[in-house]
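Work through the exercises below with the sequence and the structure side by side, and try each task before reading its solution.

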Amino acid sequence: MGLFEKKGHGVLITLCWIVVLFILSVCGVLCSESKWVHIACGGLMGVVWIQSGWLGHDSGHYQVMPTRHFNRFLQVLSGNCLAGISIAWWKWNHNSHHIACNSLDFDPDLQHMPFFAVSSTLFSSIRSYFYDRKMNFDSFCRFLVSYQHYTFYPVMCFARINLFAQSIILLSSKRKVPNRGQEILGVLSFWIWYPLLVSCLPNWHERVIFVLASFSVTGIQHVQFCLNHFSSSVYLGHPKGNDWFKKQTNGTLDITCSSWMDWFHGGLQFQIEHHLFPRLPRNQLRNISPFVKELCKKHNLPYMTVSFWEANMLTIATLRAAALKAQDLAYPVPKNLVWEAVNTHG
């Protein structure tokens, strides 16, 4: 069928839109005195980051440009320079996620303590084999997890800060990082142009609002990252050779949407297909969806697809279920003063 070679013109179109939106955002900051225009420009910058994230994701999985050198240039440009996120960190993190999808101790995309826990199994303070440390479920973590179904969306508005921190931690570590110099220069360029743009706003009030607007809009993408996996089946350990396919379908769900909304989801609406064929170009995921669905049916494997709204509800329900267990744990951890103050009765 040649689907791996038919990449379409999506990358070129996305690049054009990124350039247009970036110019509009910068010009709005520099040329307008309206506070509302500045807020809108912050939102536009968030959209730029979202679309650059989809480009970084695609170029990290397969060659979207004519040559490997141009592909590498696009990775650093869309990730490090434009968004402040190291593509080296993303590859390290994302490859682990694909290999051990929804493994509580191997998949870093489920290791968000102390803020979130998708399963009460994490209350046992299990070890993260990705971060090579114990994920402690202490009294502070228990307090945060107990209200995670309320804090999920607010935290997602600032989730980008964690990606900034993880990028800096990796690039400053002793771990071997390919093209470390390029990675560092790319991230440094972001921390030059973005603060400089923010500083062009007339006062601190508008600067803070601009940053909040750009981070909050990008929070939509961070929510999308969670919807495909948080409510799906989880397990301990790493997948064995024969059950890898089953682990991928068990730990993933698709988002039902019309083709005209594909730009919004960036390929995550066909997450099952993407996990089974990670090198398949984004524009071909919709085409193979019927074949994957039939394959899952033939081998009695789950193929779950829900609407965007239902995926949000399932995610919140999963977080709420774990939160209630955290509040009513049979063997409580030592409580700190904050926990005692919030949960005092009588």
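The exercises that follow concern a predicted model, and each task is followed by a worked solution.

**Exercise 1.** Determine whether His-57 is buried or exposed, and find which residues it touches.

*Solution.* Begin by locating the residue: His-57 belongs to helix α2, which covers residues 35-61. Next, take its relative accessibility, which is 10%; because buried means under 20%, His-57 counts as buried. Then look for its partners, leaving out residues up to four places away in sequence, and you will find that His-57 touches Trp-90, His-94 and His-274. Finally, examine the side chains of His-57 and His-274, which are joined by a polar contact of 3.2 Å.

**Exercise 2.** Identify which element gives the most residues to the largest nonpolar core.

*Solution.* Start with the core itself, which has 34 residues, and note that those touching the most other members include Trp-193, Tyr-194, Leu-197 and Phe-210. Then list the elements that give two or more residues to this core, namely α1, α2, α3, α4, α7, α8 and α9. Of these, α8 gives the most, with six residues. Another core, of 27 residues, lies apart from it, and Phe-116 and Ile-255 are among its members.

**Exercise 3.** Describe helix α9 by its span, its bend and its start.

*Solution.* First compare lengths: α9 has 24 residues and reaches 35 Å from its first C-alpha to its last, close to the 34 Å expected. Lastly, turn to the start of α9, where a side-chain oxygen of Asn-203 comes to within 3.1 Å of the backbone nitrogen of His-205.

Terms used:
Residues are numbered from 1 along each chain as its sequence is written. This is a predicted model: local features need pLDDT of at least 70, side-chain atom pairs count only at pLDDT 80 or more; totals for chains, interfaces and linings use all residues. Side-chain values use heavy atoms; hydrogens and water are left out. Helices (H or I, at least four residues) and strands (E, at least two) are DSSP runs, numbered from the N terminus. Buried means under 20% relative accessible area, exposed over 50%, partly exposed in between (1.4 Å probe, protein chains only). A polar contact is a pair of N or O atoms within 3.5 Å; within protein, one must be able to donate a hydrogen and the other to accept it, and residues adjacent in sequence count only if both atoms are side-chain atoms. Contact means heavy atoms within 4.5 Å. A nonpolar core is a set of buried Ala, Val, Leu, Ile, Met, Phe, Trp, Tyr and Cys residues joined through side-chain atoms within 4.5 Å. The expected span of a helix is 1.5 Å times one less than its number of residues. The bend at a residue is the angle between axes fitted to the seven residues ending there and the seven starting there.
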